[in-house]
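Biologist: I would like to learn how to read a structural model feature by feature. Please give the general idea each time, then the case at hand.

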Amino acid sequence: MTRLEIESLIEEKYGVTGEKPWMKYPSFSVFRHEDNKKWFAVIMTLDRGKFGLEGEGEVDVVNLKCDTDISYFVRQERGVYPAYHMNKEHWISVILDENTDRELTEKLLEMSVNLTACAKSRAKNKTNKN
């Protein structure tokens, strides 16, 4: 899954467009809930070396909130790392490129959306799934 694909998914499925809060970092986009303003995804372009990746250049990543009960196991998946520049217990970074597992990334995005939603929205989502 690429950066463009995940940005399109977020806009289509959750109705959220990325914000550009930092003029110094124009490639960074923050996606947040409208009601509680909590972030559920941050997409960034970073140096490959920040993740111990070989080669030169940059890579797109998305930071997502992750259930602490499973975050250790999720980070064992290819392309998933402890979050860059965020709480590593609660957040993960997923490399966005043509090798990214689309199904896993979509599930992690949904988890992040649910973990950061207000209590009223979480209750509504549970009701809709049953």
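Predicted model: local features only at pLDDT ≥ 70, side-chain atom pairs only at ≥ 80, totals over all residues.

Biologist: How many helices and strands does the protein have?

Modeller: Helices (H or I, at least four residues) and strands (E, at least two) are DSSP runs, numbered from the N terminus. On that basis the protein has four helices and five strands. Their order along the sequence is α-β-β-β-α-β-β-α-α. The radius of gyration, taken over C-alpha atoms, is compared with a globule rule of 2.2 Å times the number of residues to the power 0.38. Here the radius of gyration is 14 Å, close to the 14 Å that the rule gives for 130 residues, so the protein is as compact as a globular protein of that length. The C-alpha trace spans about 45 × 35 × 25 Å along its principal axes.

Biologist: What share of the contacts joins residues 24 or more positions apart?

Modeller: A contact means heavy atoms within 4.5 Å. Among the contacts with a separation of 6 or more, 46% are between residues 24 or more positions apart.

Biologist: How do I read burial and surface?

Modeller: A residue is buried under 20% relative accessible area, exposed over 50%, and partly exposed in between (1.4 Å probe, protein chains only). Of the 130 residues, 35% count as buried. Accessible areas come from the Shrake-Rupley method with a 1.4 Å probe, and for residues only the protein chains shown count as cover. The total for the protein is about 8,100 Å², of which 49% belongs to carbon and sulfur atoms.

Biologist: How many positive and negative side chains are there?

Modeller: Lys and Arg count as positive and Asp and Glu as negative, with His and the chain ends not counted. Each charge is placed at NZ of Lys, CZ of Arg, CG of Asp or CD of Glu. The protein has 20 positive and 22 negative side chains, and the centres of the two sets lie 8 Å apart.

Biologist: How many salt bridges does the rule give?

Modeller: A salt bridge is a side-chain nitrogen of Lys or Arg within 4 Å of a carboxyl oxygen of Asp or Glu. The count comes to seven. One of them joins E19 and R32, with the closest N and O atoms 3.1 Å apart. This pair links distant parts of the chain, since E19 is in the loop between helix 1 (3–14) and strand 1 (29–32), and R32 is in strand 1, 13 residues apart. E19 is partly exposed at 31%, and R32 is partly exposed at 22%.

Biologist: Where do E106 and R102 lie?

Modeller: Both are in helix 3 (residues 102–116), four residues apart, about one turn of the helix. E106 is partly exposed at 28% relative accessibility, as is R102 at 38%. Elsewhere, R3, E7 and D60 are linked in a network of salt bridges.

Biologist: Is N63 buried or exposed?

Modeller: N63, in strand 3 (residues 58–65), is buried, with a relative accessible area of 0%. F40 lies in strand 2 (residues 39–47) and is buried at 1% relative accessibility.

Biologist: How should I read phi?

Modeller: Most residues other than glycine have a negative phi, and most peptide bonds are trans. K37 has a phi near 65°, a positive value in a residue other than glycine. K37 is found in the loop between strand 1 and strand 2, and is partly exposed at 41%. K37 also forms a salt bridge with E34, the closest N and O atoms being 3.2 Å apart.

Biologist: Where does H85 lie?

Modeller: H85 is in the loop between strand 4 (80–82) and strand 5 (91–96). H85 has a positive phi of about 60° although it is not a glycine, and is exposed, with a relative accessible area of 68%.

Notes. Residues numbered from 1 in each chain as written. Heavy atoms only, no water.
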